[in-house]
Amino acid sequence: MKMQHRMRTGLVAGLLAAVTLAGCSSGSSQRSKEAGSVAEPGEKVTLRLGYFTNITHAPALVGLEKGIFADKLGPDVTLAPSVFNAGPAAVEAIFSGAIDATYVGPNPAINAFAKSNGQAVRIISGATSGGAFLVVNPSINSAADLKGKKVATPQLGNTQDVALRSWLKGQGLITDTQGGGDVSVVPQDNAQALEAFKSGAIAGAWEPEPWATRMVQEGKGKVLVDERTLWPGGQFVTTQLMVRSAFLKEHPDVVQHLLEGEVAATDFINANPAEAKTLANQALQKATGKALPQAVLDAAWPHMTFTNDPIASSLRKGADNAKAVGLLDAGTKLEGIYNLTLLNKVLKAAGKPEVHS
């Protein structure tokens, strides 16, 4: 317990130091305009946007590949995308000032908000609901069968990591952050987890799409838990759009245009699922060098709902789950984590219903 406390304390201290450095860098000549100002016509701004090579990030993939974001941002904004494997790495990039906004899961967003004392980030939109599963070896028929086994998640403290640990706790099985306990949870890169599963080195993994479907199709696994079954109406936030608070304050116009792109990309996906799958796969091929098999896309796509609603109630429940498994301090408050003002402005202009936090 002392070691775990020291780990958490050191991590918090390091991340807070990164936030301080990022805040200092925001005073550079590139951001010398007064906070809250709107970019003058012709002023050049760079928006550095993070996303993952998961199809749960389809709004980002489609928005980039079809040029929707570039169109909405206009010629004075340079869009610089960055790829991450999981949320904690994207949060580190936010804290260091390496990116300005990112598509990310709920639990890393919560951690970023908590570790910066509510200062560093704001959630500005939803993106995706669903698309996460616990896939296991066919010999595993219940949680009890996982005792003494290794199960992977994308990264310690990411959304699927919290989901797995919370589910195991509900089944009476203990885990810890060092990989001990009744079930050894081993954070691994998604591609690494797939290979480990195929080789038998791990008994299963709680993964987002397309990795869950790949584990079923390529790894001959089976779904033990469809995370949708754990949430009211099957709806829970898997991916949302988060921005650095400083960037939101300095460039609200750019953020509004980014949100116009998010809404337009979501509309396109829902109206044109076949073309959206093709575009998402093209984006994946450009980012990773390899496209997904059509069978994987076709099987995984219906598992997700693409929505601008951040499904705030599921984020709050995710925070409670993280507290229960020791990945979030019990006293963490979430007031102020959402800023949906610009999103609702965009939705209203498009004749769509507003969303709420």
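Me: Which backbone oxygen does the side chain of Ser116 reach, and at what distance?
Reply: The side chain of Ser116 reaches the backbone oxygen of Phe113, at 3.3 Å. The term here is polar contact: a pair of N or O atoms within 3.5 Å, where within protein one must be able to donate a hydrogen and the other to accept it, and residues adjacent in sequence count only if both atoms are side-chain atoms.

Me: What kind of model is this, and how are residues numbered?
Reply: This is a predicted model, in which local features need pLDDT of at least 70 and side-chain atom pairs count only at pLDDT 80 or more, while totals for chains, interfaces and linings use all residues. Residues are numbered from 1 along each chain as its sequence is written, and side-chain values use heavy atoms, with hydrogens and water left out.

Me: Back to Ser116. Which backbone nitrogen lies 3.0 Å from its side chain?
Reply: That is the backbone nitrogen of Ala120, which lies 3.0 Å from a polar atom of the Ser116 side chain.

Me: Where is Ser116, and is it buried or exposed?
Reply: Ser116 sits in the loop between α5 (106–115) and β4 (121–130). Its relative accessible area is 3%, so Ser116 is buried. Buried means under 20% relative accessible area, exposed over 50%, and partly exposed in between, with a 1.4 Å probe and protein chains only. Helices (H or I, at least four residues) and strands (E, at least two) are DSSP runs, numbered from the N terminus.

Me: How many helices and strands are there?
Reply: The protein has 14 helices and 11 strands. Of its 357 residues, 55% count as buried.

Me: What is the mean pLDDT, and where does it stay under 50?
Reply: The mean pLDDT (the predictor's confidence in each residue, from 0 to 100) is 90, and 88% of the residues reach 70 or more. Over residues 1–37 pLDDT stays under 50, and the model has 42 contacts beyond four places in sequence for that stretch. Contact means heavy atoms within 4.5 Å.

Me: On to α7. Which of its residues are buried?
Reply: In α7 (residues 190–199), the buried residues are Asn190, Ala193, Leu194, Ala196 and Phe197. Seen down the helix axis, they fall within an arc of 165 degrees, so they line one face of α7. The arc is that of the directions from the helix axis to the C-beta atoms.

Me: What does that face pack against?
Reply: The buried residues of α7 pack against the strands β5 (132–136), β6 (150–153) and β8 (204–208), and against the helix α8 (211–217).

Me: And what is found at the two ends of α7?
Reply: At the start, a side-chain oxygen of Asp189 comes to within 2.9 Å of the backbone nitrogen of Ala191. Gly200 follows the helix, with a positive phi near 90 degrees.

Me: Which residues other than glycine have a positive phi?
Reply: Among them are Lys220, with a phi of about 60 degrees, and Ile311, with a phi near 50 degrees. Lys220 lies in the loop between α8 and β9 and, with a relative accessible area of 59%, is exposed. Ile311 is in the loop between β11 (304–306) and α13 (312–324); at 14% relative accessibility, Ile311 counts as buried.

Me: Where is the cis peptide bond?
Reply: The bond from Glu209 to Pro210 is cis, with omega near 15 degrees. Pro210 lies in the loop between β8 and α8. Most residues other than glycine have a negative phi, and most peptide bonds are trans.

Me: What does Val225 touch?
Reply: Leaving aside neighbours within four places in sequence, Val225 is in contact with Ala132, Phe133, Leu134, Trp167, Trp206 and Leu230. Val225 belongs to strand β9 (residues 222–226) and is buried, with a relative accessible area of 5%. Its C-alpha atom is separated by 5.6 Å from that of Phe133, 92 residues apart along the chain.

Me: How many aromatic pairs are there?
Reply: The structure holds four. In one of them, the rings of Trp231 and Phe236 have their centres 5.7 Å apart and their planes at 15 degrees, so the pair is stacked. Another pair, Trp301 and Phe306, is tilted, at 5.3 Å centre to centre and 50 degrees between the planes. Rings of Phe, Tyr and Trp (its six-membered ring) pair if their centres lie within 6.5 Å; planes under 30 degrees apart count as stacked, over 60 as edge-to-face and the rest as tilted.

Me: Are those residues buried or exposed?
Reply: Trp231 and Phe236 are both buried. Trp301 counts as buried at 8% relative accessibility, and Phe306 counts as buried at 6%.
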